[in-house]
Amino acid sequence: MLTFAIIAGLVLLVVLLLLLFRINSLADVMKTEAQRRASTSNRVNAILMMVFLIGACALFFWYSIARQNEYKLPVASDHGIVTDNLFWISTVVTGIVFIITHILLFWFSYKYQYKKNAKAHYYPENNKLEIYWTVIPAIVLTGLVFSGWKAWSDITDKAPEGAEVVEIVGQQFQWSARYPGKDKQLGAFDFRKIDDENSLGIDFSDKSSFDDFIPRKIYLPVNRPVEFKIRAKDVLHSVYVPHFRLKMDAVPGMPTRFWFVPNKTTAQMREDLNNSGNPVWQEIDPNTGEPKWKNFNYELACTEICGRGHFSMKMLIEVVEEAEYKEWYAQQKSWLSTHEDYLSKVPADLKELAVISAGIESDKNN
Amino acid sequence: MADENNAHHDEHHDDHHEGNFFTKYIFSLDHKVIAKQFLFTGMFWAIIGGGMSILFRLQLGFPDMNLDWLRPLLGDWITTEGKIDPEFYLALVTMHGTIMVFFVLTAGLSGTFSNFLIPLQIGARDMASGFMNMLSYWFFFLSGVIMFISLFLSTGPASGGWVIYPPLSALPDAMLGSQGGMTLWLVAMVFFIVSSLLGGINYVTTVINLRTKGMSFARLPLTIWAFFLTAVIGLLSFPVLFSAALLLVFDRSFGTSFYLSDIYIAGEALPNTGGSALLFQHLFWFLGHPEVYIVILPSLGITSEIISTNSRKPIFGYRAMVGSLLGITILSFVVWAHHMFVTGMNPFLGSIFMFLTLIIAVPSAVKVFNYLTTLWRGNIVFTPAMLFSIGLVSLFISGGLTGIFLGNSAIDIQLHDTYFVVAHFHIVMGSASFFGMVAGIYHWFPKMFGRMMDDKLGYVHFWLTFVGVYLVFFPMHYIGVAGFPRRYYSFTNFDAFSSFTDLNMFVSAAAIITFGSQFIFVFNFIFSIFKGRKATLNPWRSNTLEWTTPRVPGHGNWPGEIPTVYRWPYDYSKPGAEEDFIPQTVPYSETPESNLPHENELIDQEEVQQEGITVDEASE
Ligand code: HEM
Ligand SMILES: [Cu+2]
Ligand SMILES: [Cu+2]
C-alpha cells in the first residue's frame, strides 16, 4: 500500500510540474496570436486517435481472451444455459457494432484532420441512409428481443407440477430457508407471529406447518425443478445465486418466487472448477490447507442494498443426487419438534396431529 | 410580443448596472451570471462527489490498507482497525450518486448551458423571467446547503443508495443513514425539484416565445433543441419524484403505509399493512429513467454543435437528429420499469417494458450514425472541446451497447445489480454526460469570460481523462459478468467473488489518476479566467448567434438591436462560399454564390422580414 501511495504521490508531482511549466508557456501564448488551426498539435491529436484505437482494441481483445477463465462464471442451472447463450449472442452482435463504429470514429478523425487547403464536403442529409440505419438496428434488436422474450416467458412461467418448494426469507442480515416437510406443504406464516425463536413467524394454527423444518444449509436435488418462495421480514433484499443465474427481490409484504432446475451437483462443480483453468480455485485456503475448489459451495448472496451487513448475507447451497437428497430430507427434524413449547400455540383440536406430524417422541408427550 | 418583452428588458437594463455587488453577482437576474453560478456550484459538487468516489474506491481496491490518515477528515467513520465503516461506505456511495446525478449532471449541466446559451443562441435579451431564474439558482443553492449539512450528522447522511428504496429508507431502525440523514436528503431534494421546475419553465417559455426574427424552430441549433426537450422531460417527470418523496415523508413521519407492509424490525412487528414497496420504485423510476436522459440530452446537443463546427461541416441529418431527440423524449417515459425486471413485478409487464426499452435504442443508434457521418470528409480541427465531443461519441456507443444487454430481461436476471450495470451507466451517463459538459466549457469559455483556455493543457486533460475513464469503467464489465454485486463493502465473504482483487486495485489506481487529472482542468479554468489569452469575437469560426455579441456581452447581450436570423446554423463549407462558414445572420441575398436553388426563393421573404424589423423599430 505504501508503494501505491508513493506512485500516487509521484503522479501528482508530475502533474504539478506540468502545471508550473504551462504557466510559463501560457504567458508566451498571450503575446502571440497562435496559428492554432493547422498547428502540430492538431496532427498529434489525430495520431493519438489512431494510437488509442489500436491500443484499446489490443487491450480489449487480449484481456477478454487471456482472462476468460476468470470472468466466465460456470453455470449450474438449465435456464442459466439459455440466458448465457443470449448473453454471448448479444456480445457478438454488439461487439461487431462496437468495433466497427469505433474504427470509423477514430479513423475518420485521423483521416479528415484539418488540412490547410482542403475543404469539408458539404453533406447535410441523405434520407435513404437515415432509413437504412433506422431499420437495420430495429430488425437486429427485434431479433434479440424475441429470443429474450421467449426465454423470459419460460423462466417466469409457473413452476412445473411437483417442483421442490423451499421458502427463502431475508432479514437484516441473514437468509433462512424453510422446507415444507413430509406433507410437502409449507405452513402459513404471519409477520405478527414473529418472535425471538419463531423468527419466520410460522403460524401453528395451520396444520401444514407442523412438519416444516428449517435447516442451516439449503439442500437441492439435481436435475429437478425447484421453486424458491421468497419473502422478506424487514427491508428489501434480493436472492442471488450467481451460478444458477437466479435473482429475485425479497419484498416485505409481497411474496415473490423463482423456479429453476439446478443441473450440476456441488461435487461435480468442484471437479469442474478444478479443471476450469481459473487459478483462483487452485489457491490454497489457509483455513483448510486445501485448494479452494475442494471446498467450493454454491452461495446465496444478497443484491439489494439492505443496510450495514448487506455484503455479508450469505447462505450455502448444496446440490446433491436425488437419493442423497431424499435421505437428507427424511433425516431433518421438524422445527416444532425442536421447539416443543410452541405446541401451546397449536389449537387444541390439532394438538394430536401436531405431535404426530412434527415427529415428537411420544414419551415426551403429555 | 417577443420584441415587446425585449424592449421591456432594455428599460431595466440601466438599473442593474447601477446595482451593487449583490444585485450584480449574487442575486443577479442576468442569465449569464446565473449560468456561471450554476457552473461554479456544479464544479464544487463535482469535486466533492468525485472525492467521495475516491474514498470508496480505496476501500474496494485496497481493502487491507490502513486508512487512519483519513481520521482527521472522517473522524469516527474510520473504525479502530483503520477501515472505513461499512455503513459510511454505503453513505459515500449514496451521496456520490445523488450529487453526481442531480447536482452536477442535472443542475450543473442544464443550469449552466441552458441558462447561458438559450438567450444567446435564439437571440433574446434574457430569460423569460429573470426573477424565476434567480430563484431557480437559489433553491438549488439551498438544496445543496442542506445536503452538505447532512454530511456532518453524527448518524451520517442518507445511505440507502441514490434510489432510496423504502422500506430501508423509511425505517430509522434499518440503518443509521435512514435517520436524520434521510430527512435532510428528502428536504434537499424537494428544494432541488422546485429549482428544476423553475428553471425548466423558464427554458421552455423562453425558447417558445423569445426567439428572434427568423429563428424558426427549424433553424434552432441542436443545442437549443436538446435543452428545450430536456426541460420538457424535467417538467413532466420531476413532479412525480416530488410525490414519491412526499409519500415517503408521510410514511417516515406520520405513520402512513404507502410503501410499508408486513414489517418486523428491531424486535417489533410494525402496524403498517397494505403498502407497496414496489409503488415507490415505479414512481422513482418514472422520474429516474427520464432523469438519465435529462442528464445526457444537453450533452448530446452541445456535442452536435461542437462536432459540426469543428468538422467544418453541417451536422449530418439535422432533421433526423431532431427526430431522434423527440423520439428519445417520448420513449424515455415508457421504459422505466426496465429497472425493475426482477423486483417481483408481474413478468408480463417485464415483457412489455423489454420491448419498449429496446425501441429506445434505435434513436440512440441513429444519433451515433449521424455523428459519424458528420465527421466523414470533414476538415477537423481538434480543439479540446472537439476532442471531448469525440470522446462522448465513443462513450455513448460503448455504454449504449451494454444497455442492449440490460434491456433484455432474460439477460438482466443475472446482470441486474452487478458491476455490469455500474459499468453501463457510468460510461453512457456519467462519463458521456461529463464529457459533454467539459466540452461545453472549453467551447463557450471565450463567450463566458472573454478569454481563451489553454489548448495544450486541454489536450493533456482530454487524453488523461479519456484513457482514464475507460480504464476505470471498462474493467467493471468483466467484474460484472463474473457476478460481483454492486454496493458491496467487501467481497471477502464469498468464494464466488474472491477473484479480481488485482483488477479492483487497478481500477482504483486508475480512478485516482483520472480524478487527479481533473485538477489540470480546474487549474486551467481558473487561471484562464484571469490570465487567459484574450478571445477574438468568433474564435471557432462558428455560425451561431452568440458569436455576434461583444467579446464580453453585457446585460441584454447585444448593445444594439437583436440580430435577425436568415438561415440554419450549419452552413459550414458550403460550396461556392469563400469562407468555410456562413453565420446565421447573413441573408441569402448576400450569398448568391453559395445558395441552393430553394434558398434563392427565400430571398424575397427576407425583404419582408427586413421591413418587419423597420416597422418594429419605429414603434419602439
Ligand atoms: C441504448 C439504450 C439503453 C438501454 C437499452 C438501457 C437499458 C438499461 C437497463 C435495462 C437498465 C437497468 C439495469 C439493471 O438495473 O439491471 C439500465 C440502467 C441504467 N441506465 Fe441505461 N440504457 C440505455 C441507455 C442509457 C442512457 C443513454 C443512459 C444515461 C444517459 C442510461 C443510464 C442508466 C442508468 C443511470 C442506469 C442505472 C441506474 C441504477 O440502477 O442506479 N442508460 N439501463
Ligand atoms: Cu442486502
Ligand atoms: Cu432506464
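**Entry 1: polar contacts and salt bridges between the chains**

I began with polar contacts across the interface of chain A and chain B, and in this predicted model the rule finds 33 residue pairs, both partners of each being at pLDDT 80 or more. Sorting the side of chain A that touches chain B by class, I noted 67 nonpolar, 28 polar and 23 charged residues.

For charged pairs, I looked up the salt bridges across the interface of chain A and chain B, of which the rule finds four. One that I followed down to its side chains joins Arg308(A) to Glu87(B), with 3.1 Å from N to O.

**Entry 2: extent of the interface**

How many residues does each chain bring to the contact? I recorded 118 residues from chain A and 142 residues from chain B. I also looked up the area, since the size of an interface is often given as the accessible area lost when the parts come together. Between chain A and chain B about 11,700 Å² is buried, and carbon and sulfur atoms give 69% of that area. On the side of chain A, the residues that lose the most area to chain B are Tyr122(A), Trp152(A) and Phe311(A), which together make up 8% of what that side buries.

**Entry 3: the shell around ligand 1**

I turned next to ligand 1, which is surrounded by 22 residues, and I wrote down the closest as Trp162(B), Asp412(B), His416(B), His424(B) and Arg486(B). By class, the shell around ligand 1 divides into 12 nonpolar, eight polar and two charged residues.

Which helices of chain B each supply at least two residues of this shell? I found H9 (277-311), H11 (347-375), H12 (384-406) and H14 (419-449) of chain B, and the largest share, five residues, comes from H14(B).

**Entry 4: polar atoms facing the ligand**

Lastly I checked distances from side-chain N or O atoms to oxygen atoms of ligand 1. For His416(B), I read 2.7 Å between a side-chain N or O atom and an oxygen atom of the ligand. A polar atom in the side chain of Trp162(B) lies 2.9 Å from a ligand oxygen atom, and for Arg486(B) I noted 2.9 Å between a side-chain N or O atom and an oxygen atom of ligand 1.

Methods
Residues numbered from 1 in each chain as written. Chains lettered and ligands numbered in written order. Predicted model: local features only at pLDDT ≥ 70, side-chain atom pairs only at ≥ 80, totals over all residues. Heavy atoms only, no water. Contact = heavy atoms within 4.5 Å. Buried area = accessible area lost by both parts, 1.4 Å probe. Polar contact = N/O pair within 3.5 Å; in protein donor to acceptor, adjacent residues only side chain to side chain. Nonpolar A, V, L, I, M, F, W, Y, C, P; charged D, E, K, R; others polar. Near = heavy atom within 4 Å. Helix = DSSP H or I, 4+ residues; strand = E, 2+ residues; numbered from the N terminus.
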